[in-house]
Amino acid sequence: MRPSRRAVLTAAATAAVSAAPTAAAAPPHQRLRTGFDRLARDGYALLQNQKVGVVTNPTGITRDARHIVDVMHADDRVDLTAVFGPEHGFRGTAQAGGSEGRHDDPATGLPVYDTYLKSGRPLADVFTASGVDTVVFDIQDVGARFYTYIWTLYDCMEAAQLAGKRFVVLDRPNPVTGRAALGPVLHREFATFVGRQPISQAHGMTVAELARLFNGEFLTEPVPLETVTMSGWRRSDFYDASGLPWVPPSPNMPTPETALVYSGTCLFEGTNLSEGRGTTRPFELLGAEGIDRHWAAAANELALPGVRFREAYFAPTFSKFQGKTVGGVQLHVHDRAAFDPVRTGIGLLVTAKRGWSGFAWRPDHWIDKLTGSTLVRTMIDAGADTDEVVAGWQEELAAFRRTRRKYLLYR
């Protein structure tokens, strides 16, 4: 006798329930709490009896997309008296190379001070004028040495020490994981705002870990530092495991996928090729007038792990080649765990120079500031291949990795 359809469905449902784990683990995004989450959950005890100023930008948000400044301003348990805005500004209204200047925030009435391009004593004077006792830092980083917010962190730590202020860092995930440090290490003679100190091009750290590194290795005098760590974050986690909303940390960092490639393809800022600014896929699209399908073919022949290259044509709406149709490549990362953004960036530079007669470095040798020395530029000019260039920084990278290890907070 054949069982009824209802009996079959009931049996299947029962089997499914029986096979299910009795206490399923919470998804990663339900486990993760940011530094701010933990600070607020503790009733801001760390900030008790302190006049507080916050260094932040639009990425300083809660899981439900409220800005932490708005949240703290409305909470009587914390005495928030000032905000400090970095490049692009506190509310994010400025493009690359710009800031919002000194103003009062329309939403809260709080005074907003501009930190962009300020460091040392001038920035210390800003902290002194603000009247705060404690400076809190909460900005989403993207994992690359030349992304300027980590140097805003460094400059603010140094200035807080000079001004006699306490410094608190609220941690957030490294969106491209914290698994490994990659790429060349900055040489101090090439220090600029896209790299103040000798760390690797992709540092593989969170901002709290970087703060500990800065305090322990680079600041002349350490600042009174406290870090509020995350809970539920693992070094192997990409940003989508966090469950947090993605807010572009800057106008040309629209998605976590941009961050994934950025520590490699930002090197094209040091060339006459477009790095995709003025498109909807900055740092994923690269190109110039006169480039055709042969670049994508040459890049694919490198068999770089985790990525493929597509022949692409685009017309930037601003920046290099504004309004002109250019040819080039689009990166398609198909295995992000295997993908090495820095090796990929070098491979693309090598194949672009070999395959396009119009290739040129920026006349100011900005590439040396981005890579941290003359090594990459001079080796590529001498005809080195991708593996040879990458081999050139391994000894310095190994030394940095040993130093880095002392300051890591997560497994």
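Tutor: Axes here are lines fitted to C-alpha atoms, for helices over the stretch in contact, and angles run from 0 to 180 degrees between N-to-C directions. The model we discuss is predicted.

Student: At what angle do helix α9 and helix α10 pack, and how far apart are their axes?

Tutor: Two packed helices are described by the angle between their axes and the distance between the axes. For α9, residues 293–301, and α10, residues 341–355, the axes lie 9 Å apart, and the angle is about 135°.

Student: Are α9 and α10 roughly parallel, roughly perpendicular, roughly antiparallel or oblique to each other?

Tutor: An angle has to be over 145 degrees to count as roughly antiparallel, and 65 to 115 to count as roughly perpendicular. The angle between α9 and α10 is about 135°. The two helices are therefore oblique.

Student: What is the radius of gyration of the chain, and why does the chain count as being as compact as a globular protein of its length?

Tutor: The chain holds 14 helices and twelve strands. For 411 residues the globule rule gives 22 Å, and the chain's own value is close to this, so the chain is as compact as a globular protein of that length, with a radius of gyration of 24 Å.

Student: What percentage of the residues of the chain count as buried?

Tutor: Buried means under 20% relative accessible area. Among the 411 residues of the chain, the share that counts as buried is 55%.

Terms used
Residues are numbered from 1 along each chain as its sequence is written. This is a predicted model: local features need pLDDT of at least 70, side-chain atom pairs count only at pLDDT 80 or more; totals for chains, interfaces and linings use all residues. Side-chain values use heavy atoms; hydrogens and water are left out. Helices (H or I, at least four residues) and strands (E, at least two) are DSSP runs, numbered from the N terminus. Angles under 35 degrees count as roughly parallel, over 145 as roughly antiparallel, 65 to 115 as roughly perpendicular and the rest as oblique. The radius of gyration is taken over C-alpha atoms; the globule rule is 2.2 Å times the number of residues to the power 0.38. Buried means under 20% relative accessible area, exposed over 50%, partly exposed in between (1.4 Å probe, protein chains only).
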